[in-house]
Amino acid sequence: MRRPDSVERLQSLQNAILESIARGEELSAIIAALCERVEALAPGVVCSVVAVDDDFSLRPLAAPSLPPAYGEALSGVPIGPRLGSCGTAIYRKSPVEVTDIATDPLWEGYRELVLPLGLQACWSSPIAARDGRVVGSFAFYYREPRGATLFERRIVETCVHLCAIAIEHEEVNARNHRLAYFDTLTGLPNRARFNDAIGQTTSKTRTGFGLLLIDIDHLKAVNDTMGHPVGDRLIEAVGSRLAAVAPNGTAYRIGGDEFAVLLPGCDKAGELRGVAGAILVAMQAPIDCEGTTIAPSVTIGGAIAGDDGADSVTLRQNADFALYHAKETRRGGYVRFKGGLRTSMTRRIQTIRSVGDALGAGRLIPYYQPIVRLDSGEIRGMEALARLRLDDGRVVAAGEFQDALLDPKLAYRISSQMLPAIAADMAQWLREGLPVPFVGLNVTSADFQKGDLVQRIARTFERAQVPLEHLVVEITEQVIMGGRRDGVARTMEGLRERGILVALDDFGTGFASLTHLLDFPVDTIKIDKSFVAGIEGGTRNGAIVEALIGIAGRLGIRIVAEGIENEGQARRLAGMGCRLGQGYHYSRPMPAEAVPAFVGNFSPVASGAPARPAATAA
């Protein structure tokens, strides 16, 4: 049988390596097999391959005939002009052939690595990728001072090409892996990686672990007002700080503004709370982005495997419930899952679905509660309140579907249906000559976020032929806090320019109410019923209300007292200088068809005592 000649043997080597690459074997295994086959082809040769890291330092790939200490000594050494044969070849981007290591200056400082191994000469060739980058070097060591033979040069030419293919294939695989499993902006593992990790952890480990879900607060507002580059910088900073705070855990970016942290071994509520607290502290340092300073804020929900869910789906859902609850009740803080949250969130989902069905069926209707002048008893207006008619005919107040108002889409749909209904009712009252000077409409953050509130109102009232000065738009401090500061102020000013009055509802129940009077243009303040409730006993409530009435008077802002339940409260408020009020003392909210009769039967009292209705409306 004829022994294969050198050409056939070289071709066989090439085919075997290409097949290994195609099968997706690990790079180190492919290169090690290449070296072993080359050493069998060229007896007396010792083969070595090194790669170049991203930081331009050496990374040994394979040297099967050399001791491990050789690779360990080269690992991480920066590329330079006098770094033996391999490092110098990479630096020069051209082959370096040293026939006598003992005397060649390129090996100064590195001779003791190879001379004790009996290696006296080295020929190294750079490995170049298709784009021209040098990605490594392929080296032949000899046990005597000499150069390469013609056949060895043919071997090297083939092997350098094979190494380039193998290394580039590895780079492509690594790049695809990063794209599939890592977020390109933060470098953190992504949602797919998180799903794999939490699934594996819950199925394999018997010890508890913690899960934190983190949302960046107001990211959309940052993108809208400062631009997406600033928003991206904020996301990067939050991701970096999360990774630094939880060195024993793993941080993931699982959505646009949402992150997750898995904490192995963190199975105590106090430990989980401690990590969440450390994250909140880490976020306090401001970020500078091209002259723009941002103070990051995040909200966190947490759950513990075992206690809060045995499988990954339940655990994730419960952490989500905690996060949603935190965003609604403790934005910028931390909430751990509790059993009641699942019930309340499930109820909220059911409420949202029911309200959505009712809106689709046209079962949203406005009810009206009168606003009365306290000194004369005149009806000065009405506040429109949303009511739902259920399938069984029962009409329920907004308190029963309050959870649905937290959903921006539903809140927007509710105001979209309330507007034409109110405009139609007002048009009817104007035609009848009914003395209802204005009607108040409550709007939410969703109406401001859309940016079309002024246009929607103007179009609706123009179609109904109702002058805009008959409308008061009522907002709460949550609207101010939940939107873009300049956007909310601009919309409020746009409303007032059209003749629409703006009222600040539930005044005193939010944060920094007085500062809002400086920054946002309002015509009316509605004092929350919680202050009115304790006004008769000479408590602090009375002092606060009296002070607010005085401040509003000096600012030229009207005051309306909400929740007046009895005549004593009405007298006390009138004595303080409050002119307008509303509450059950005068009437409960009523449907539009009951308003004409109520207004017609209402008996004003021209004295300090509040008026009483001649007939109580339902």
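Which strands does helix 6 (residues 150-181) lie across, and at about what angle to strand 4 does this helix run?

1. Helix 6 lies across strand 1, strand 2, strand 3, strand 4 and strand 5, and its run makes about 45 degrees with strand 4. The helices here (H or I, at least four residues) and the strands (E, at least two) are DSSP runs numbered from the N terminus; axes are lines fitted to C-alpha atoms, for helices over the stretch in contact, and angles run from 0 to 180 degrees between N-to-C directions. The model is a predicted one, in which local features need pLDDT of at least 70 and side-chain atom pairs count only at pLDDT 80 or more, while totals for chains, interfaces and linings use all residues. Residues are numbered from 1 along each chain as its sequence is written, and side-chain values use heavy atoms, with hydrogens and water left out.

2. The five strands named above belong to an open sheet with the order 2-1-5-4-3 and antiparallel pairing, where two strands pair if DSSP finds at least two bridges between them. Strand 2 (58-62) and strand 3 (96-98) stand at the edges with a single partner strand each, so one side of each is left without a neighbour in the sheet. From one strand to the next the twist averages 20 degrees. Within this sheet, strand 4 (residues 121-128) and strand 5 (residues 134-142) run antiparallel and are joined by eight bridges, with P126 standing opposite S137 of strand 5.

3. Helix 2 also lies across part of this sheet, namely strand 1 (46-52), strand 2 and strand 5, and runs at about 65 degrees to strand 2. The axes of helix 2 (residues 27-41) and helix 1 (residues 6-23) come within 10 Å and cross at roughly 170 degrees, which means that helix 1 is roughly antiparallel to helix 2 (under 35 degrees counts as roughly parallel, over 145 as roughly antiparallel, 65 to 115 as roughly perpendicular and the rest as oblique). By class, the contact residues divide into eleven nonpolar, two polar and two charged; Ala, Val, Leu, Ile, Met, Phe, Trp, Tyr, Cys and Pro count as nonpolar, Asp, Glu, Lys and Arg as charged, and the others, Gly among them, as polar.

4. I79 lies in the loop between helix 3 (68-74) and helix 4 (84-92). With a relative accessible area of 11%, I79 is buried (buried is under 20% relative accessible area, exposed over 50% and partly exposed in between, with a 1.4 Å probe and protein chains only). Leaving aside neighbours within four places in sequence, I79 is in contact with F56, S57, L58, G87, I90 and Y91.

5. A further open sheet of five strands has the order 7-8-6-11-12, with mixed pairing. Its edge strands, each pairing on one side only, are strand 7 (250-253) and strand 12 (334-336). Strand 7 runs antiparallel to strand 8 (residues 258-264), and four bridges join the two; A251 has V261 as its bridge partner in strand 8. Helix 9 (residues 228-245) packs on the sheet, touching strand 6 (209-216), strand 7, strand 8 and strand 11 (298-304), and its direction makes about 5 degrees with that of strand 8.

6. I216 is placed in strand 6 and counts as buried at 4% relative accessibility. Not counting residues up to four places away in sequence, I216 touches L234, I235, V238, D257, F259, S297 and V298.

7. Helix 11 lies across strand 6, strand 8, strand 11 and strand 12, running at about 145 degrees to strand 11. Helix 11 (residues 312-329) also packs against helix 12 (residues 339-360) at an angle of about 75 degrees, with the axes 10 Å apart, which makes the two helices roughly perpendicular.

8. The largest nonpolar core has 80 residues, and those with the most contacts inside it include Y368, W429 and F461; such a core is a set of buried Ala, Val, Leu, Ile, Met, Phe, Trp, Tyr and Cys residues joined through side-chain atoms within 4.5 Å. Helix 14 (residues 408-432) gives the most to this core, with nine residues. A second, separate core of 36 residues includes F140, Y142, A148 and L162.

Notes
Contact means heavy atoms within 4.5 Å.
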